[in-house]
Amino acid sequence: MILSTLIRFSKFALQGLMGPALAIAFASPSAAADAGGGCCADMDSRIAELEAAYARKGNRKIELNISGVINRSILYWDDGRERNTYIVDPAADATAVKFDGSAKLGGGWKAGYTLKIEGVVAGSDTVDQGTPLGDPALVKVDRSYFTIEQEKIGKVMVGRNNSASRGVDNLNLSESEMADGEVNDWMGGFFLRARNGALLSDLRWGDFVLGKFAGAKGEFVTYVSPKFNGFEVSAAAGKDDYSDVALRYSGEWAKLLKVRAGIGYFVDTTERPPSDPAKPTENVRDRGWGGSLAFLHIPTGLNLSVNHGRMGHTDQCLERGAVSGKCRGDDQFTYLKGGIVQKLNSLGPTAFYGEHYWGRSTHNDSKTDTVDALALNPVVAPTELKGSRSKVWGFGLAQQIEDSGVQLYIGYRHHDIDFDLIDATGSVAQKGIKGLDIVFSGVKIEF
């Protein structure tokens, strides 16, 4: 746009200056008109050509598209004792710029490259009660991969990217995308606060409200098949030792229902060094699955989605529960989201939604710092955190402004959590944890 504006400005300036100059030189209005027309007759076509090709660095066979998003939010939080308002970058879709280049190779083959760079000042998933900026501000490469594809064979992507099953347990048709991220995107960094005390614990909400499970981001080789009757198969392998597969479907039934669905399976044996260098590296073996089913009734805009996921862990852990003698058990969640999309004003569609999340984890954790932080009575101290149950519910709306790439959004979420503490004789009373209330609102601009 800047180049186009400068070229057009130069054109008008040139025409404005050349007319009088030529009139003086030739002393003839008709000669001036002829000279001016001959000079600039093809200027518009030249401008159009430059606008289409200026970012191609002289290679007309390679197309380069530049896109991105600007997204900042206001985050209000209340942990039952303290409250504040921060300006944050949403973890689900932070401000970024994206470069997509592609070239046709013939025979239906095409090669391409994608580079996406994010700029995060205050991540919504890293801020807490005492740190309004969260982790230090950073500019990071979110995606960097090249692609080779053939319309009848499929596509292979190599580099930093999402794995095959990422997002397969988070599909919906609500058109309120800023509330579509993981439930801990807006509160994962906040510390738990005891219901009967003023002090914060060392435990964070994100340690227990886990969000979605399927898929990962990292260095992967990923294959995506061509679509066949709405179905698409994908598989990926990479990182240290991570692999997954997924099956997705999207379609429209009898012009009445839009349908999206997906299911994926993953195995993660990536080595993770211990926090204490003196301890050996634990044998990680996480595996699980996730899936989604979403519907949108086209005439009314009513929509509903169901997401579910489950993840298991290694049974060869270094630290077992002192009472159960077991390693960490399964984590699982179920997430429901429903709403309606209607065009209520001239701006564009308005999406209203409600949501509910249930999470459950079997920790079998006897780490002293964890157990002590949750103990209600130090005299009758528990020796193991057996499990936890989390619940999140909320509602909100998103307003699309058509033909502008702008979305306005606001949402509310309430978070609760319960723990199951035990010793050798059975259950031990836990500290009650205050609920956490979050209100987030912002503007997302896509370009």
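**Bridges, a disulfide and a core**

Student: Glu-118: buried or exposed?

Tutor: This is a predicted model, so take it as such. The cut-off for buried is under 20% relative accessible area. Glu-118 comes in at 8%, so it's buried.

Student: Where does Arg-204 lie, given its salt bridge with Asp-128?

Tutor: The closest N and O atoms of Asp-128 and Arg-204 are 3.3 Å apart. Asp-128 counts as buried at 7% relative accessibility, while Arg-204 is partly exposed at 27%. The pair links distant parts of the chain, 76 residues apart: Asp-128 is in the loop between β4 and β5, and Arg-204 is in strand β8 (residues 200–204).

Student: What is the relative accessibility of Lys-444, which meets Glu-446 in a salt bridge?

Tutor: The N to O distance in that bridge is 4.0 Å. Glu-446 is partly exposed, at 45% relative accessible area. Lys-444 counts as buried, and its relative accessibility is 4%.

Student: How many salt bridges does the whole structure hold?

Tutor: Some of them join up: Lys-116, Asp-142, Arg-143 and Lys-217 are linked in a network. A search of the whole structure gives a total of 17.

Student: What handedness does the disulfide of Cys-317 and Cys-327 have?

Tutor: The structure holds 1 disulfide, with an S to S distance of 2.0 Å between Cys-317 and Cys-327. Both cysteines are buried. The torsion about the S-S bond is about -95 degrees, so the disulfide is left-handed.

Student: In which loop do Cys-317 and Cys-327 lie?

Tutor: The disulfide joins Cys-317 to Cys-327. The pair ties together parts that are 10 residues apart in sequence, because each cysteine lies in the loop between β14 (302–312) and β15 (331–342).

Student: Which element gives the largest share of the largest nonpolar core?

Tutor: That core has 46 residues, and those touching the most other members include Leu-75, Trp-186 and Phe-440. Among the elements that give two or more residues are β1 (62–78), β17 (384–401) and β20 (436–446). The largest share is 4 residues, and it comes from β18.

Student: Which core residues that touch the most other members does Trp-186 contact?

Tutor: Leave aside the neighbours within four places in sequence, and the contacts of Trp-186 include Ser-73, Val-88, Pro-90 and Tyr-409.

Student: What is the relative accessible area of Thr-147?

Tutor: Thr-147 is found in strand β5 (residues 138–150). Not counting residues up to four places away in sequence, Thr-147 touches Lys-110, Ala-111, Gly-112, Lys-155, Val-156 and Met-157. Thr-147 is buried, with a relative accessible area of 9%.

Student: Where does pLDDT stay under 50?

Tutor: The chain averages a pLDDT of 84, and 85% of the residues score at least 70. The stretch that stays under 50, with 24 contacts beyond four places in sequence, is residues 1–36.

Terms used
Residues numbered from 1 in each chain as written. Predicted model: local features only at pLDDT ≥ 70, side-chain atom pairs only at ≥ 80, totals over all residues. Heavy atoms only, no water. pLDDT = per-residue confidence, 0-100. Contact = heavy atoms within 4.5 Å. Disulfide = S-S within 2.5 Å. Buried < 20%, exposed > 50% of the residue type's maximum accessible area, 1.4 Å probe, protein only. Core = buried A, V, L, I, M, F, W, Y, C linked by side-chain atoms within 4.5 Å. Salt bridge = Lys/Arg side-chain N within 4 Å of Asp/Glu carboxyl O.
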